[in-house]
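Welcome! Please take a moment to look over the sequence and the model below, and then we will walk through some of the contacts together.

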Amino acid sequence: MMVPSHYVALILLQIISFCPIAVASECVATEKNGECSNPVVNSKMSVPCLDASAFQRRVALSLSEDHVDSEQSLRGTIENFLSYQDLEKLVSLLSPDDFVEASGYDDSGEGKNSNGKSKLGGGRAYSAPTGYSGLGLKELSHAKNNSHISEEEQEERYNLLLKIRHSAQSATETALNLCEGTLLVDFTTISEKTAGGAHRPHADNCLHYFKDEPNANGVIQKVATCDPNREHPYPNRVAASILYLNDPTSGNFDGGQFYFANRTNNGEVERSVEVSLGRMVYFTSGVESLHGALPVQKLSESKVPRRLALAMWYVFDPALEEFVPSFQRVENDASRPRRGKPKKTYDPNDPEAPKELFVIPIPNSLLESMETLLQSMGTFLVSKQNTPSIGSWKVGRYGDDTLHVLFKDHSAMFSLDFGVAYSKSRDNMADTSIVVERHTDGNKPPSL
């Protein structure tokens, strides 16, 4: 009897990648205090774990029509592995004013054109969708004078996020049957979706289109395929996780479910995951796990809807691992009175630390008009957003006194920080300034 080649491949994959794996535990949160108790052993993790190469072969094998690997080994959900108390505390320390307008996948950059072929060379990979903003490690690691919570609470919030982040990373690694230490965090963000916030079906490491391919019966079907002629900003991502931080009742919303899309049916919703506090979805990053989010809707007119989730993307390459900055307190220089806020400081070991480009002194006569100055600058920059091409970059406001100018592919960003104490003022002519800095991820060169 002839043994099918794909069975042999699976057997060899398990032998080559054999290494011990720690037994995963999930915790069940008690209704009384939300603390973890009565750990539930995850028995399905008794098989040998996979290294990076073996995992990538398994993903590639899943794309073949006759594969025997279960989809559940590449994606699924995890329940009750975190303390509800920790999650609720984190959310209580987050204000809508903390979030930064973020970007996501644009409809024009995905899928197919009028003749069913790939959109080659055109279409934007990213734009800012309606009702979506984010908050990352860089923002949360810096204390703010004008925050709604104290500096001590800001530090508590950041440390709590890092604790939850570590638990999510470890749980995802175990669920994907990867050997301990294999899966590294590439980027972390707390996403906030308000009314209308949604995501079209997409992959996280390539831009896809629906290609005509015959199935086993010779019938032509459209299959989601990575477009080799269009570059994705993050081609090295291998997996992701989405952890719900609230539920429809506490967030005053309806809808907002994460969903997996059908790879062979033009991206129609295949399975949705209801929003529930502490539930986490994990999945691989390619077209084998097309995914999106359904629109968020208001549950009632009394409050603005807020669907909160911790989104994390993962890589294997240590060079791409996300830098975790230490918490930076507000520096107060008591040597002389200042009318401006202290200048931000950054960890010298941070490869993503921004580069100061120049400082614009602000005369005393304009100090009382700082808000007007910021709004005028923002209006001017918005008028230039289509230079050198349509949608090249986007202007957004962060907090009370900062403008962000974000490139469409996230390869770089400029920040304009208004009202910073100007240390080089002479003859008391200028006490504050606008500090202009350039931000990159330290790896990918800016597109503009």
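## Salt bridges across the chain

The side chains of glutamate 151 and arginine 329 come together in a salt bridge, 2.5 Å from N to O. A salt bridge here is a side-chain nitrogen of Lys or Arg within 4 Å of a carboxyl oxygen of Asp or Glu. This pair links distant parts of the chain, 178 residues apart: glutamate 151 sits in helix 5, and arginine 329 in the loop between strand 19 and strand 20 (355-363). Helices (H or I, at least four residues) and strands (E, at least two) are DSSP runs, numbered from the N terminus.

Before going further, a word on where this comes from: this is a predicted model, in which local features need pLDDT of at least 70 and side-chain atom pairs count only at pLDDT 80 or more, while totals for chains, interfaces and linings use all residues. Residues are numbered from 1 along each chain as its sequence is written, and side-chain values use heavy atoms, with hydrogens and water left out.

Arginine 329 has a relative accessible area of 38%, so it counts as partly exposed. The terms work like this: buried means under 20% relative accessible area, exposed means over 50%, and partly exposed lies in between (1.4 Å probe, protein chains only). Arginine 329 also belongs to a network of salt bridges that links it with Glu151, Glu152 and Glu155.

How many salt bridges does the structure hold? There are twelve. Another one of them joins glutamate 322 to arginine 165, with the closest N and O atoms 3.0 Å apart.

Since aspartate 212 is in strand 10 and lysine 222 in strand 11, the pair ties together parts that are ten residues apart in sequence. Aspartate 212 is partly exposed, at 44% relative accessible area, and lysine 222 is partly exposed as well, at 26%.

## Two disulfides

Next come the cysteines. The structure holds two disulfides, a disulfide being a pair of cysteine sulfur atoms within 2.5 Å. The table sets them out.

| Disulfide | S to S distance | Torsion about the S-S bond | Handedness |
|---|---|---|---|
| Cysteine 49 and cysteine 179 | 2.1 Å | 90 degrees | right-handed |
| Cysteine 206 and cysteine 226 | 2.1 Å | about -65 degrees | left-handed |

Cysteine 206 is in the loop between strand 9 (199-202) and strand 10 (208-214), and cysteine 226 is in strand 11 (residues 220-226), so the parts tied together are 20 residues apart in sequence. Is each end buried or partly exposed? Cysteine 206 counts as buried, at 7% relative accessibility, whereas cysteine 226 is partly exposed, at 32%.

Now turn to strand 19 (residues 307-315). Nine of its nine residues are buried, so strand 19 is largely enclosed by the rest of the structure. Both of its faces are covered: Arg307, Ala309, Ala311, Trp313 and Val315 are buried on one side, and Leu308, Leu310, Met312 and Tyr314 on the other.

Which strands pair with strand 19? Two strands pair if DSSP finds at least two bridges between them. Strand 8 pairs with strand 19 in the antiparallel sense over nine bridges, and phenylalanine 187 stands opposite tryptophan 313 of strand 19. Strand 12 (residues 239-244) also runs antiparallel to strand 19, joined to it by six bridges. Here leucine 243 stands opposite leucine 310.

## A partly exposed phenylalanine

Finally, look at strand 20, where phenylalanine 358 lies. Phenylalanine 358 has a relative accessible area of 43%, so it is partly exposed.
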